[in-house]
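Have the sequence and the model side by side as you read.

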Amino acid sequence: MSRLVVSCLLVVVLATQSTHAVAGAPDPFDLVQGLRENGMSDLALEYLEELTKKNPTAEMKILIPLEMAKTRLLLAQEESDEAVRDAAIALAKQDFGLFLLDHGKHPRAAEASLALARVLSLQAKMALNRAARIEIPTGEDGRPDRGKFLEKKAAFKNVRPLFVEATKRFGDAAKQMKALIESPMTDTFRKKSLTREAMLAELDRGINQFNLSETYLAAEGAEGAERGKALNDAKQIFSDLSKQDTSNPICWVARAWIGACELEIGDSGKAKEAFASLRADIGRNPVAAMDGIRMVEFFEAQNEYLNARGGDLGATRGARVRTKNWLDKDKYKSRMTPERLSMTYYYAYLTQREAEMDSGNIYEKKAADDTTPRKLLNVSTNARGLLQIAAKEYKKLQEFDNDYTDRANRARMRAIRFIVGEANRSPKLFTNFDECFMAAQVRLGTLDEDLAEIDALTKLPAKTKFTDLDDYKTQTKKDTQREVISLFERTGDLVGPATPPKDAAEARLWLSLAYLRCGHPQQAAVAAENLALTGRGNTAAKAGVVAIESYLASRAELDPNDAEARDVDRTRAVELGLKLDKVLGNDPATDSVRFRVGQLFLEEKEYRNAFNVLEKVRLSFGSVSTARTLLGRAAYMIVISKDPAITLEMKANYLRRAMSAAEAVPEPTNPSQLKVFFGLKNILAQLYLLQGGGGFVKAESIASATAKRATEATMPEGDKKYVRFSADEIRLRAIYGQSAPLYKDGKYKEMADKLTPALLIMKQAGPAAKEVESYRGVMPTEAEGDTGSAVVAADSLDRFRREIIVLGLQGRIREGAVDQAAELFKLLEQLGGSVEATTDALSRLVTLVRPQIQELKKQMKDEEAQKLVDVVGKLLTDQAGKEKLSARARAFLGRSLRDLEQYEKALEVLEKVPTVDEETLKLPTMQLDPEKREAVVAYQIALIEQIRAHRYLKQFDKADELLKPAVGEDGKSGWAKSLEFRRERNYVKEDRASEAPKAEKSKLWSEAYAGWTEVLRPYVNFVSSRIPKDADINRVKQDREKLYPVILDLYVEEKRCLARANTQLLESNPTKLASQLAAFGKQIATLEKGYAKGLTGDVRQRFHVLLDEYPQMKAGYQEAGGTAFLEPDSELPEVGIPGGGEAKE
Amino acid sequence: MPRRFSLAMLALGLSVLLIPTALGQSGSTDRIRYRNAKKDYQEEVVLGTTQETSAGLVVTLNNKSTVKIPAPDIVSIEYGSLPGLDSVKLELSSAENQGNAVKARDLYAAEVKKNPTDPRTKKFLDYREVIWSARVVDAKIGKEFADEAPAVITKLVNFSQEYSKKNAWEVWHASQIAARMNAELAQYSDAATVYSSLSKVANLTPELKYEARIGEIEMLIRSGNVLTSAPLVAEVSKATDLPKSGPIVEKLAVVKAVVDALSEKKAKQKPTAQVKIIEDVIAKTPDPSVRAFGHNMLGELYLQCELPRDAMWELLRVEVVENLDRDEVIKAVWRLADCFKLLGQENRAEAYREKLPTLKWS
């Protein structure tokens, strides 16, 4: 165990003294400091919060955040929840950093530097404590596990730089203070207080340096020398400080620390000398020396404790008395100082040891040759009394998290076990609240072990009524759980007038936990809710958390179809959560309530409710990164929502709030929380992406920083890669967002400049997929982290990298820089990882380029359009010329060529796609093995693309020839089930009619129209048929409504066909044509009303385009009251970042 | 004259340690420890022969020069000679040094019963007996304190009455403790009476007399008795021997503002004009005791205006910032217990009640 566990940060107030004694209006911050120094940091924070609301002066506005940070830092140290404490400390650290950044030349900047040093030192101490918790199990050979030992040693070593950094910061802060003291601008009073602060900084530096020596675990050789140097350096700091001003208590404390260094070095003689010399000098200033004496007595008692740990009863008792005396003398200190903390543990430990060594105890009897430790069966009255004292002292250490909490937990449980003896005895036999409560906690603590023991039974016990082992196990488990609950219930019965209300409330809280653990969530929920609503403070808030969890657990047990019953539990949970949010808003546990309720709202897609409740989760919440991530997600969903009730201003507001909430979260020091934190940073960057415009730059910067930090951070490799790949993708999306407008504006050169650095990085890095190759299909170890997510993120990143290259390609092609385009194509191949992936990227390129070609043609820029077609076409044919091209890739390339209107080339490529026999084509694709399925899909694409190519080439017979086996002929059906082929058949018919000689037009157009009605008929029949009497009308209606968009889509085709036909057939009779088109428009208006539930964005857009093409039709539509298709569909997303709507975390 | 109880407490705490030493000394030179008001109340020691008055001490040094020490500033006296005490010095020394208040009280009581003939010794023993009696009771809280304090108050008042015309500087300290105990029992009128009597002790300096009168007004204010306190403020304000400036005048301004505010108080409303007057006094005074007094009175005012949270901040300021005057700190602490109770923070209220005994004789 560590010899000294005095954390430097708590040694802030050494001597109570008046803060100020000068005339002038009361300084509000004097009160804040006074409250802090007197252990009332909570009140100090409340006072600061009140100050912020009272129109503070400009100077106060600067200082309030600094004071708040100082206060929060102290509060954080009292926080029992490690995660909450870490978050609060990180927040304070950030606030000090911000103060220094914004007001580096402020007279109080030195103070902020000192505070920052203290935070670092505290974080170092916490990291050391975490490392110390690594347990080293004993192997079968009875020796400590070597691997675990080395892991622990490495963890200790990792902490070292933190201490070194903190020592340096303390030194810097002390220097800054000394400079201020020497400045002629500093008044006498301020000099006095600065001198004291500077001395404190030196003391803290010394203690921090002393603690550095603790990072050397079992140090030998060079390491041992380093440790010795660390201690000698600490001794020197204390020695220099001790000589500064003998009237200052700080210098006396420093003198005491010199002795502590000697003890740690192992020279007890010198330590004794140092302590004796201090005592001899008391007369020089008895008042100032008091703190020094206190520390000397502490170190002496500590040393006695360390010696007594392996000693006999006499030594144990002597050390116990000494520690007790020290505590008695110290009891009027208002704060739980680190020394008192240590001494409380020593006292509890020695008391427990003395109790266990009591001669009146009864031990298990064993054979003389049995050397295993004997079990203590019963303790004497004296020992029981001592154990009760020990348990009480341990409890003090359990009330907040500190260096001793873990040890105190374990030791107290051991003490309790001895006190309560057989915890398995009947609850009725307990007559004392404390003992029953302890026994109940012991039983709950061992419940899992007990249940596992029952599970492990392989045969029935000798005397039992059961004949089946499983029945016996089930019943025994139930009985065991019932016993645990009975103990807690009995504890409740034993609450009397003398029971402290806090303990009674705690017993109720434990009862509800026991219900939950024992599989009675409903009882747990009711009991916990009752406590939450009737109790006070933190216990009530904690009960609220239990109640909500219990309601949700209870809901999970219900039949998923019993919506009503499920809703009851859900509503209770939400209502309770919202109530506690109001009533116990300031309690730390209420943040857990908010978090859980917010999570629930989010699951239910109630994004605004989720946002409102999650936004209230404070920065001090332990899982604040997760909470803010959820908040960001809620904001994301709100912003992309199409709910007309959410205006653009509201969306902007949500976005802003989510972003500032995410930005406020500081980086945690606990490595286990880093993944979530970086996830939050990624969400933040995505919110900026969503904002667009200047947000892209910000998103790029955040994502770049996140990727860099993740690379440097101490995290499992899988987590690191996951964060880095995700951040990198967001960075690329941000770059895309900035580059796309340049492309749109024809600024191809500028775009290339923007993209080039990113492309170069991509080229150097190579495919992300390669970095995760070893993770695929392998279960990760704990040390590897989340490798599954890393794989997903890598694939996603590679996909987006191809998008970026495609954008670059577009630019280069438009720029006419063919060589660079070819280079980019190579990069595409390099990063694609496969021919298929490159083909996919090329298809995407064609999709993007085609509208541009059409636009150029519209603008009569045929040459430019042709150039584009040629370059892209070449890329496609080059790709198609590659060997070992899969059928699917070939089909896609053919389609892309067809898209580019390179029909001949397209046919050439498509014809190479292997055919599939008709029998296979007739089978449902799901029944096929993957290889055949792939072949079928490729063939179908190739076939339909060939038909299209022939159609565009006006080779209708060839098209028909290919169509026949697919769609059938002469009343026989073909193998194609897809609507696509039937559509295509009608397009061919339409085009054939359109191109036919005048005399044949009428007949051919009639056939084309009949083709569309034939396709439409079964759908219309289905939705208009009579509903059977015994059918579920609502279900049938819902099923039918699902088809409305399909029907409307086919009606678009039908009306278009009619309009096209009539335009040709009534060419010579414009009046009739106008009337006919108007009639079609009226029919469309009727369809709009009849199929209102099928008006999807796509449908609206298609009708809108049709009506725009035929103005007379539009007039008729409007005349008939049609409205839905007049404007282009606003819901259609503009072409932006590919997949930009996908939230990544 | 800012230090009142505060120095009394120190005097009582420290002098007991020193008496045995004094008892061992020969000759008639007394050793006096006191706070020097001219040197920021730093503690100093003088040796000489003392002339005692109700207002304090006049110490004649070896060089025949004299030092005047006001009663509130006396920390301790080691008498060069106290006839008749040699036989008990060891026992007293042991009891006092160990802080065994009950034993010390009983030992002094036993000595008192012996009716010492030397008047100085008798006064010394009478005083120590009542002081140690007070100390025994002050270690208690709640009902125990309430049950036992009245008897001690009677003792302290009797001592003050007996020695009020005998030039005893101890009267000042005994009366202060009696007043404070009364106030702790919420017997503010009785506390005011103690101060009233103290102000009438013969040979007090004007500073001490008006200090006592302000104490009387303060207690009447705390009793909520504006009707009586208002004329008293007027009477003191018109006094011809009232100092022209300094702590007395400043404190008088404070109590006057409080009385004015309370005579027209409205529940849950800050009397801003009067608060401003008090805050100005606090801002301008160089005397920390006046500042503590000002904040304490603001706290009292807010409490009576049903503004416990505002009161809390004022009282906390006395406890943790303006805490040089232990007497004011004690008053703040007992009112903070009331304050937290009103604010529904029972745990904190209890902690403050428990804190009181540790403050009184520290």
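## A strand tucked inside chain B

Strand S1 of chain B, residues 30–36, is largely enclosed by the rest of the structure, because five of its seven residues are buried. Keep in mind that this is a predicted model.

One is strand S2 of chain B (residues 42–53), which pairs with S1(B) in the antiparallel sense over seven bridges.

## Two helices side by side

Next, have a look at helix H12 (residues 288–304) and helix H14 (residues 326–342), both of chain B. Their axes come within 10 Å and cross at roughly 20°. Angles under 35 degrees count as roughly parallel, so H12(B) and H14(B) are roughly parallel to each other. The crossing of H12(B) past H14(B) is left-handed.

Which residues of H12(B) meet H14(B)? On the H12(B) side they are B:Ser289, B:Ala292, B:Phe293, B:Asn296, B:Gly299, B:Glu300 and B:Leu303. Facing them from H14(B) are B:Glu328, B:Lys331, B:Ala332, B:Arg335 and B:Cys339.

## Positive phi in two loops

B:Asn167 isn't a glycine, yet its phi is positive, at about 50°. You'll find B:Asn167 in the loop between helix H5 (142–163) and helix H6 (170–184) of chain B. With 16 other C-beta atoms within 10 Å, B:Asn167 is partly exposed.

B:Ala186 is also a non-glycine with a positive phi, this time about 65°. B:Ala186 is found in the loop that lies between H6 and helix H7 (188–199) of chain B. Is B:Ala186 buried or partly exposed? B:Ala186 has 14 other C-beta atoms within 10 Å, so it counts as partly exposed.

## Chain A in outline

Over in chain A, there are 46 helices and two strands. Of the 1145 residues in chain A, 44% are buried. As for contacts in chain A with a separation of 6 or more, 65% are between residues 24 or more positions apart.

Notes
Residues numbered from 1 in each chain as written. Chains lettered and ligands numbered in written order. Predicted model: local features only at pLDDT ≥ 70, side-chain atom pairs only at ≥ 80, totals over all residues. Buried ≥ 20, exposed ≤ 12 C-beta atoms within 10 Å, placed from the backbone. Helix = DSSP H or I, 4+ residues; strand = E, 2+ residues; numbered from the N terminus. Pairing = 2+ DSSP bridges. Contact = placed C-beta atoms within 7 Å. Axes fitted to C-alpha atoms, helices over the stretch in contact; angles between N-to-C directions. Parallel < 35°, antiparallel > 145°, perpendicular 65-115°, else oblique. Left-handed = near helix turned anticlockwise from the far one by under 90°.
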